[in-house]
Amino acid sequence: MLGSWPSFDPHNFSQFKPNDPANPSKMTPVTYRPTHDRTLPPPDQVIAPEAKNILLRHFYQPAEEKLRSKRAPCDNPSPERASKLPRPSASDNSI
Amino acid sequence: MFRSNNVTARIFERQISSPAPGTSVHCARRFYENIVPCHTIFDIECPDILFRKFSDDGQYLITFSRNHQDLVVYRPTWLSYSCREQDCPDHDLPSKANKFESFFTQLYSVTLACSGELICKDFFLYSEKNQFGIFASSTAQIHDAPAVGGAIQGIPSIEKITFHLVRLEDGVILDERVFCNDYINLAHSMGVFLYDDLVAIVSLRYQRIHILQIRDSGNLVDVRSIGEYCREDDELFLNSSTQCMSIPGRNRNHNVGNGPDHTNQMPEGSFLSGLKQRLLSFIFRGIWNEEDDPTMRMQCLKKKFYFHFQDYADLVIWKVQFLDRHHLLIKFGSVDGGVARNTDNHPAFFAVYNMETTEIISFYQNSADELYTLFELFCDHFHSSSKNSFYMNFLSTHSNNIHALEQLRCNKNKASSLPQFVKKMLSTLPFNCQSQSPSPYFDHSLFRYDDKLISATDRHRQSTDHPIKFISRRQPNILKFKIKPGPESGNADTRTKKISSFLFHPILPLAISVQQTLFLQPAVMKILKRI
């Protein structure tokens with residue numbers, strides 16, 4: 001069906017074989033298997049949506065900053081909080 | 001977006017191309033540039049009712065009877081008319097196109113207020129999920145009410161305030177909640193905030209925030225009462241402690257029950273209320289943490305906290321709104337400002353309170369630049385709308401619209417004093433619940449209009465004789481439609497002050513304009529629609 005359409009290069013669709021419904025294609029797509037484990041998530045990771053909207057996050061920010069600045073001299077300097085941390089999300093449907 | 005302004009071309013373009021991700025509603029709204037309520041019907045015979053507003057999903061028109069006793073609900077409908085003649089555009093529409101009944105079908109009329117009570121005509125909250133409406137009726141206000149039973153001196157009292165939960169589909173009153181000898185600001189729903197299925201009612205007289213839940217079955221259920229107590233079991237704990245302390249004097253009358261009676265056990269003013277304690281300790285800790293040096297710390301505390309201690313302790317709750325299901329934005333101020341119409345001259349403070357942890361998260365004065373910055377950037381989040389309400393997510397504010405932001409910046413530059421400007425902008429917080437109309441005609445990216453004459457905010461305005469123009473944004477200088485509030489022939493009496501209110505249907509190109517004087521003259525009503 002596509003063979004007769006005009007084309008810049010007549011050899012463009014030479015390899016094209018239209019699907020024959022009587023003879024379905026037996027090709028399965030290749031599954032990607034990673035060759036390293038650098039990008040695996042930590043085993044206990046739980047991705048949860050942020051319960052607080054951006055406005056509330058800004059309200060909480062000064063309080064959290066003060067807490068962090070108070071803790072810093074006492075504990076070891078901890079790395080910057082990763083954006084995805086296991087944390088219980090406040091369920092929006094419960095009171 | 002569309003390449004042409006022609007509606008037919010736009011429809012064809014819509015058939016073949018899909019809008020950019022996340023812009024489907026904005027794309028669909030562009031059609032409102034083509035379909036505007038350009039035709040006015042005046043001299044309409046309408047029933048003697050007081051118009052409140054259209055429900056936010058456009059299903060109902062809420063009105064009250066003139067005697068403030070009945071709720072009358074209409075269904076907005078749309079006429080259709082077809083003409084097979086040669087010169088159709090020159091034909092007049094049939095006479096029923098000018099009738100009120102052609103646009104609004106009365107569904108029912110139900111009496112809400114008993115004798116002695118009047119329905120508050122400015123109060124209506126709509127729960128879109130279940131199509132429930134909340135209405136309020138009250139008896140007359142008593143101004144010099146004595147401060148008994150834990151009440152605050154200086155706040156008037158209303159003998160009975162009733163909130164009615166009505167199923168708007170059929171007018172059945174599902175539940176009621178009565179407050180006796182209390183004062184709740186009912187005008188423009190100021191004292192009540194609805195978020196999803198949670199209702200916050202501010203009792204100014206007893207300084208409590210009652211949180212109720214609307215169940216799907218139609219029941220109003222008490223969740224908690226914040227003010228005197230923060231957690232649900234604070235009252236139990238305090239009562240059991242005072243009982244233990246007063247065991248030797250058992251002959252005295254101990255009344256361990258709910259309600260304000262039990263406060264008579266403790267001498268008046270011995271304990272600050274739970275919420276006040278949270279607030280004062282938050283302020284104290286904030287000032288404490290500012291300085292590390294003990295001497296400087298003490299000086300700071302003396303100057304900033306102890307010097308103003310009584311002012312902080314005397315603060316009263318003025319108004320409340322939900323920021324999400326767990327957080328409240330509470331406005332505090334002095335007692336005089338709680339019931340005043342104009343609160344600009346009274347000092348005010350804002351606090352964000354988490355109902356679950358019972359903690360104050362932040363505290364600002366009404367001139368705080370930090371709070372104003374958050375207001376400028378995230379105004380949408382102050383108009384907290386629940387996930388159930390679709391159209392309320394597309395209100396045009398200065399945080400999501402460049403034109404509205406330009407207008408705000410322009411006003412800011414023109415202001416004589418920046419702190420005054422900040423105070424004026426923050427005085428709109430907390431927002432009144434459901435006070436913004438979701439109509440696309442108020443979208444700043446579609447139309448330009450004079451904010452002082454008309455806006456999405458639902459309130460009465462002083463009427464002008466000049467028509468209010470809606471000019472297309474994308475095609476500057478092209479007038480799309482205009483509204484003339486008064487009678488078509490002009491007002492005979494130009495001296496009487498007139499107020500106008502405009503009710504825009506959220507979806508249809510239909511609007512009602514009502515102009516009335518302060519005296520009980522019949523209102524001039526017009527319907528604007530698209531032919």
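Predicted model: local features only at pLDDT ≥ 70, side-chain atom pairs only at ≥ 80, totals over all residues.

**Notes on chain B**

1. In strand 3 of chain B, B:Leu61, B:Thr63 and B:Ser65 point one way and B:Ile62 and B:Phe64 the other way, and all are buried. Buried here means under 20% relative accessible area, exposed over 50%, and partly exposed in between, with a 1.4 Å probe and protein chains only. Because five of the five residues of strand 3 (residues 61–65) of chain B are buried, this strand is largely enclosed by the rest of the structure.

2. Residues are numbered from 1 along each chain as its sequence is written, chains are lettered from A and ligands numbered from 1 in the order in which they are written, and side-chain values use heavy atoms, with hydrogens and water left out.

3. Chain B holds 12 helices and 26 strands; helices (H or I, at least four residues) and strands (E, at least two) are DSSP runs, numbered from the N terminus. Of the 531 residues in chain B, 48% are buried. Among contacts in chain B with a separation of 6 or more, 57% come from residues 24 or more positions apart, where contact means heavy atoms within 4.5 Å.

4. Two strands pair if DSSP finds at least two bridges between them. Strand 2 (residues 49–54) of chain B runs antiparallel to strand 3 of chain B and is joined to it by five bridges, with B:Lys53 having B:Ile62 as its bridge partner. These two strands form a hairpin with six residues between them, and B:Gly58 in the turn has a positive phi of about 80°. Strand 4 (residues 70–76) of chain B pairs with strand 3 of chain B in the antiparallel sense over four bridges; here B:Leu71 is the bridge partner of B:Phe64. The hairpin of strand 3 and strand 4 of chain B has four residues between the strands, and in it B:His68 takes a positive phi near 60°.

5. Helix 11 (residues 402–414) of chain B has 13 residues and reaches 18 Å from its first C-alpha to its last, close to the 18 Å expected at 1.5 Å a residue; the expected span is 1.5 Å times one less than the number of residues. Its residues B:Ala404, B:Leu405 and B:Leu408 are buried. Down the axis of helix 11 of chain B, the buried residues fall within an arc of 100°, so they line one face of the helix; the arc is that of the directions from the helix axis to the C-beta atoms. The face turned away from this buried side carries the exposed residues B:Ile402, B:Glu406, B:Asn413 and B:Lys414. Helix 9 (369–377) and helix 12 (418–426) of chain B are included in what covers the buried residues of helix 11.

6. In helix 12 of chain B, the buried residues are B:Phe421, B:Val422, B:Met425 and B:Leu426. They fall within an arc of 125° seen down the axis of helix 12 of chain B, so they line one face of the helix. B:Pro419 and B:Lys424 are exposed on the other side. The buried residues of helix 12 pack against strand 17 (327–333), strand 18 (348–354), helix 9 and helix 11 of chain B.

7. Rings of Phe, Tyr and Trp (its six-membered ring) pair if their centres lie within 6.5 Å; planes under 30 degrees apart count as stacked, over 60 as edge-to-face and the rest as tilted. The count comes to 38 aromatic pairs over all chains. One of them, B:Tyr372 with B:Phe421, is edge-to-face, at 6.0 Å centre to centre and 70° between the planes. Since B:Tyr372 lies in helix 9 and B:Phe421 in helix 12 of chain B, the pair ties together parts that are 49 residues apart in sequence. Both B:Tyr372 and B:Phe421 are buried.

8. Three strands of chain B form an open sheet in the order 20-22-23, with antiparallel pairing. Its edge strands, each pairing on one side only, are strand 20 (447–448) and strand 23 (479–483). Strand 22 (residues 468–472) and strand 23 of chain B pair over four bridges, and B:Ile468 stands opposite B:Ile483.
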